[in-house]
Amino acid sequence: MTEAVFTGYPGFIASQLIRKSIDEDRDRGITAIILAAERPRAEEEAERIRQETGCREIRLMEGDITKQGLGLRAEDLAYLQDKEIILWHLAAIYDLAVPRDLAWKVNVEGTKNVNDFAAGLSGLQRYMYFSTAYVAGKREGVLREDELIRPEQFKNHYEETKFEAEVLVDVMKKEFPVTIIRPGIVRGHSRTGETIKFDGPYFFLNMIDRIRKLPIIPYIGKSSSYINVVPIDYILESSIYLSTLKAAEGVTVHLTDPAPHPVEEVYRSMVFHLAGRKPKGRLPKQLATVSLKSKPVRKLLGVEAETLDYMDWPASFDTSNAARLLQGSGIKCADFLETMPEMVAFYNLHKNEKKYHIPIQ
């Protein structure tokens, strides 16, 4: 019997992948490796999943990816050794403003420990590693799935440590059935707008919402670049499909939008749907960058300073592997602008709830 084992639970993507995995195969066992401090939230989410899906018990194992053997008990390790395993590694620090030491400990050293754990599983069927399309750092032009080129510079420590971690996983392709997933910037569900935190593109919604009563809402700088934002349902459906597709072994896949929109077009749509008007004028990016160096300004606007780095980055993502592997599956990435109303509606419904907002550093 196959067992799907997850790190990164009860995070949003891991929790949704578990739901999707159960939908695909109700006989598949589900195990989540959790931090001890996360047990109450993990148990609550597991019960919610059980009620929604009617699945059997989700096995929760306390551990820590920053420790050798993932800090698992001997009996938990013994349980997994007898199973055919699909291992999903999602645990990471995703904050763009994360300090380097913390990012390195979790994203790089933690991944090395998960790699060692994966290599020791006698029944490993697939190792699904969640990287990011932004391992490219500040490289420009067309960024290809089959490339893993160290850039001259990264925009933040998140990108740097995810690159270093992917290097470690990429080496494993020679001996183990590895699939590397590189998502773009993830947003909520394309049909419901549901998400569990307002980060990434939601920082722009925070800012627009907080300045919506000003006489004008300006563009931030001037950009001809495209922004790559993908709905969570595309990530879930594609990843689950690829996890059992033989042709996906040893492949790195960009789960990015194959038809992204210009940054300014996306921003204009956000302003229109949130504030009911179009942006006018321009705030020079340099002035915005200087302003966001002030923590009070960042907190007032609900924006991380690193967000601006993605507004005028001249790069695009090749999706040849994704197109080839998903051909015939019926899985497609929903258009960002067409589904903007659902995203903004969910944001408006929950924007005053503290649990959705991440602390601004």
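Because the model is predicted, local features were required to have pLDDT of at least 70 and side-chain atom pairs were counted only at pLDDT 80 or more, whereas totals for chains, interfaces and linings use all residues. Residues are numbered from 1 along each chain as its sequence is written, and side-chain values use heavy atoms, with hydrogens and water left out.

Helices (H or I, at least four residues) and strands (E, at least two) were taken as DSSP runs and numbered from the N terminus. Two strands were regarded as paired if DSSP finds at least two bridges between them. On this basis, seven strands make up an open sheet with parallel pairing, in the order β3-β2-β1-β4-β5-β7-β12. Axes are lines fitted to C-alpha atoms, for helices over the stretch in contact, and angles run from 0 to 180 degrees between N-to-C directions.

Within the sheet, β1 (residues 2-6) pairs with β4 (residues 84-89) in the parallel sense through five bridges. T2 has E84 as its bridge partner in β4, and A4 has I86. β4 also pairs with β5 in the parallel sense, over five bridges, and the bridge partner of L87 in β5 is Y127. Of the six residues of β4, five are buried, and the strand is mostly covered. Here buried denotes under 20% relative accessible area, exposed over 50%, and partly exposed the range in between (1.4 Å probe, protein chains only).

Pairing of β1 with β4 runs over five bridges, and helix α4 (residues 100-119) packs on the sheet, where it touches β4 and β5 (124-130). The direction of α4 makes about 170° with that of β5. Helix α5 (residues 157-171) likewise packs on the sheet, in contact (heavy atoms within 4.5 Å) with β5, β7 (178-183) and β12. Its direction makes about 160° with that of β5.

A nonpolar core was defined as a set of buried Ala, Val, Leu, Ile, Met, Phe, Trp, Tyr and Cys residues joined through side-chain atoms within 4.5 Å. The largest such core contains 47 residues, and L205, M207, I208, Y267, M270 and M340 have the most contacts inside it. At least two residues of this core come from each of α6 (202-210), β9 (219-220), α8 (263-275), β15 (315-317) and α12 (340-350). A second, separate core has 39 residues, among them I22, L60, W88 and I181. When residues up to four places away in sequence are not counted, I208 touches I217, Y267, M270, V271 and L274.

Helix α6 is mostly covered, with eight of its nine residues buried. These are Y202, F203, F204, L205, N206, M207, I208 and D209, and they pack against β8 (185-187), β9, α8, α10 (295-301) and α12. In α12, the buried residues are M340, M343, V344, F346, Y347 and H350. They span an arc of only 160° around the axis, which places them on the same side of α12; the arc is that of the directions from the helix axis to the C-beta atoms. The cover over the buried residues of α12 includes β8, α6 and α8.

A salt bridge was assigned where a side-chain nitrogen of Lys or Arg is within 4 Å of a carboxyl oxygen of Asp or Glu. The count by this rule is 25 salt bridges. D209 takes part in a salt bridge with R212 (2.9 Å, N to O) and in another with K351 (2.9 Å, N to O). D209 lies in helix α6 and K351 in the segment after α12, so this pair ties together parts 142 residues apart in sequence. D209 is buried at 16% relative accessibility, while R212 is partly exposed at 28%. D170 and K173 form a further salt bridge, with 2.9 Å between the closest N and O atoms. Both partners are partly exposed, D170 with a relative accessible area of 27% and K173 at 22% relative accessibility.
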